[in-house]
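Open your viewer and get ready to pick residues by number. This tour tells you what to select at each stop and what you will find there.

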Amino acid sequence: MARSADPIIQIREFTYRYPAVEPGGEPTTALDGISLEVPAGACLGVTGTGGSGKSTLCLALNGLVPHATGGTVRGEVRICGWNTKEVPVARLATRVGLVFQDPESNLVGLTVEDEVAFGPENLGVPRAEIAARVDWALAAVGMQDARGRPSAQLSGGQKQRVAIAAVLAMQPAVLVLDEPTAQLDPLGKEEVAAAIEGLRRERGPDLTVVLVEQDPELLARLADQVVVLDAGRIVLRGPAREVLTRVDALAAAGVFAPQAAEIAERLNAALGSDLAALTPEELEPALRARLQGGRRG
Ligand code: ADP
Ligand code: MG
């Protein structure tokens with residue numbers, strides 16, 4: 001049993017190899033000696049190039065790695081104290097909800113309210129409680145007005161919000177989002193980002209979020225901690241502000257820094273200044289102060 005002060009996610013020296021795709025082929029090491037702790041209520045941002053292990057990490061959090069994928073594991077992943085190797089995926093699903101990148105793959109093709117009721121129905125939750133959960137989960141992502149619509153008719157951003165609601169209806173402690181906005185247009189992206197923000201405000205320490213994201217602006221906005229994966233290893237980690245302003249180290253791992261951080265870095269090189277910013281809103285006053293200081297001097 002986990003003590004309440006324990007981190008909700010505890011990963012120790014976790015190495016995972018997928019089985020060889022072809023007989024006689026080599027297994028693929030997708031995660032290589034990962035150690036990570038995430039406290040309850042945090043939003044951990046995970047980034048890295050394609051193939052760096054982000055999706056495998058997501059699957060390891062809900063037990064599909066290794067239960068569904070086979071392969072070999074060293075080290076351990078614990079969620080709420082449960083060792084994912086020892087607990088069946090169906091049981092882990094009551095603690096960890098996973099939303100994938102492809103809006104179509106998250107939904108089964110029912111009406112919005114049936115999509116959201118699907119999970120709790122499978123868990124055997126009593127009918128009256130299912131109705132309450134559906135109401136709450138749809139409101140939490142701003143989709144209550146679409147409850148009677150077929151999910152197939154929704155926009156990408158709406159589908160992803162319904163997918164998040166469907167997972168929330170299982171009342172997980174951990175919400176894992178694997179590039180939830182990668183296939184969305186700017187409006188859809190904004191809808192999903194706002195839904196994640198609202199959820200975190202509402203649930204506070206009761207919901208821990210793992211957000212895999214390639215968009216540095218979104219990481220800067222949503223994540224408190226960031227890890228950068230490269231070839232299955234964590235190559236950078238720390239508070240979002242520290243990691244996302246390390247423009248050169250990010251580039252070395254093949255990922256972009258937020259634009260404001262990039263501009264600050266270039267100005268620093270040109271002006272000998274020490275500007276640091278994650279967003280344009282931060283960069284503007286810092287730059288103004290620097291320029292005014294320059295005029296006075
Ligand atoms: P990302 O999500 O960062 O793009 P993945 O976790 O999907 O990375 O993949 C990590 C590595 O594992 C890659 O080398 C990828 O080719 C490999 N991989 C992913 N899924 C499988 C699989 N089902 N079987 C074998 N290798 C896989
Ligand atoms: Mg992936």
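This is a predicted model: local features need pLDDT of at least 70, side-chain atom pairs count only at pLDDT 80 or more; totals for chains, interfaces and linings use all residues.

Residues are numbered from 1 along each chain as its sequence is written, chains are lettered from A and ligands numbered from 1 in the order in which they are written, and side-chain values use heavy atoms, with hydrogens and water left out.

**Stop 1: the ligand**

Which residues are around ligand 1? Select Tyr 18, Val 21, Thr 28, Ala 30, Thr 49, Gly 50, Gly 51, Ser 52, Gly 53, Lys 54, Ser 55 and Thr 56 to show them. A residue belongs here if one of its heavy atoms lies within 4 Å of the molecule. By class, this shell holds 3 nonpolar, 8 polar and 1 charged residues. Here Ala, Val, Leu, Ile, Met, Phe, Trp, Tyr, Cys and Pro count as nonpolar, Asp, Glu, Lys and Arg as charged, and the others, Gly among them, as polar.

Now look for polar contacts (pairs of N or O atoms within 3.5 Å; within protein, one must be able to donate a hydrogen and the other to accept it, and residues adjacent in sequence count only if both atoms are side-chain atoms). A polar backbone atom of Gly 51 is 2.6 Å from an oxygen atom of ligand 1. At Ser 55, a backbone N or O atom lies 2.8 Å from a ligand oxygen. Thr 56 uses its side chain instead: a polar atom there lies 2.5 Å from an oxygen atom of ligand 1.

On its own, ligand 1 has 560 Å² of accessible area, and the protein covers 64% of it. Accessible areas come from the Shrake-Rupley method with a 1.4 Å probe, and for residues only the protein chains shown count as cover.

Switch to cartoon view. Strand S2 (28-38) and helix H1 (54-61) are the elements that give two or more residues to the shell, and H1 has the largest share, with 3 residues. Helices (H or I, at least four residues) and strands (E, at least two) are DSSP runs, numbered from the N terminus.

**Stop 2: salt bridges**

The whole structure has 15 salt bridges. Each is a side-chain nitrogen of Lys or Arg within 4 Å of a carboxyl oxygen of Asp or Glu.

Buried means under 20% relative accessible area, exposed over 50%, and partly exposed in between (1.4 Å probe, protein chains only).

Next, select Arg 161 and Glu 191, whose side chains form a salt bridge at 3.0 Å, N to O. Arg 161 belongs to helix H7 (residues 156-168) and Glu 191 to helix H8 (residues 186-203), so the bridge ties together parts that are 30 residues apart in sequence. Are these two residues buried or exposed? Both are buried, Arg 161 with a relative accessible area of 11%. The side chain of Arg 161 also reaches the backbone oxygen of Val 141, at 3.1 Å.

Then pick Arg 12, Glu 76 and Arg 78, which are linked in a network of salt bridges. Between Glu 76 and Arg 78, the closest N and O atoms are 2.9 Å apart. Glu 76 counts as buried at 18% relative accessibility, whereas Arg 78 is partly exposed at 23%.

**Stop 3: a surface patch**

Phe 118 lies in helix H5 (residues 112-122).

**Stop 4: backbone details**

Finish with the backbone. The peptide bond from Val 65 to Pro 66 is cis, with omega near 10°. Cys 80 is not a glycine, yet has a positive phi of about 50°; look for Cys 80 in the loop between strand S4 (72-79) and strand S5 (82-83).
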